[in-house]
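User: I'm new to this one. Can you walk me through it?

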Amino acid sequence: MDRELKQKLIAMAAEARHNARAFSGFHVGAALLTKSGEIVTGCNVELHTTLSSICAERTAMVKAVSMGYTDFEAIAVVSDAEKPVSPCAFCRQYLVDFDPDILVIMANAAGTEVVEMTAAELLPMAFMGSGRDEPQ
Ligand code: ZN
């Protein structure tokens, strides 16, 4: 993936974070690149019941699946923090479940600090199910 596309994903994730519903005050955006070249954004959507809240990464993935996309190439994640933030455990499992090779691009809001890892690198020895690989 070229640098220009990575910067576009980071910029779209940074923009998407402004839509976050964040009681925590922590705004996160994500931009998910499908293998067909579509970009689907997401933001964290927090509820008063913390356990029901959903992160930006999973918002983007669930949104993409609902649009008919299930093959993902990369995802950029951007928050308000000065340093890049990494996906939480739930999001790592989500990413790996779709494709361990998804490139995760973690950037600070300014896009000046970027860390890249695959989903598998973020979640080694991930649980991959019972062996029945295809959803019914
Ligand atoms: Zn998460």
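Analyst: Let's start with a definition: axes are lines fitted to C-alpha atoms, for helices over the stretch in contact, and angles run from 0 to 180 degrees between N-to-C directions. This is a predicted model, where local features need pLDDT of at least 70 and side-chain atom pairs count only at pLDDT 80 or more, while totals for chains, interfaces and linings use all residues. Residues are numbered from 1 along each chain as its sequence is written, and side-chain values use heavy atoms, with hydrogens and water left out.

User: At what angle do helix 2 and helix 3 pack?

Analyst: Helices here (H or I, at least four residues) and strands (E, at least two) are DSSP runs, numbered from the N terminus. The axes of helix 2 and helix 3 lie 9 Å apart, and the angle between them is about 35°.

User: Which residues coordinate the zinc ion?

Analyst: Donors are N, O and S atoms within 2.8 Å of the metal (3.2 Å for Na, K and Ca), and water is not among the atoms, so sites may look incomplete. In sequence the zinc donors follow the spacing C-x32-C-x2-C. At 2.2 to 2.3 Å, the SG atoms holding the zinc ion belong to Cys 55, Cys 88 and Cys 91.

User: Is Phe 72 buried or exposed?

Analyst: Buried means under 20% relative accessible area, exposed over 50%, and partly exposed in between (1.4 Å probe, protein chains only). Phe 72 has a relative accessible area of 2%, so Phe 72 is buried.

User: What kind of aromatic pair do Phe 72 and Phe 98 form?

Analyst: Rings of Phe, Tyr and Trp (its six-membered ring) pair if their centres lie within 6.5 Å; planes under 30 degrees apart count as stacked, over 60 as edge-to-face and the rest as tilted. The rings of Phe 72 and Phe 98 are 5.3 Å centre to centre with 50° between the planes, and the pair is tilted.

User: Where is Met 125?

Analyst: Met 125 isn't a glycine, yet its phi is positive, about 55°. Met 125 is also exposed, at 86% relative accessible area. You'll find Met 125 in the segment after helix 4 (119–122).
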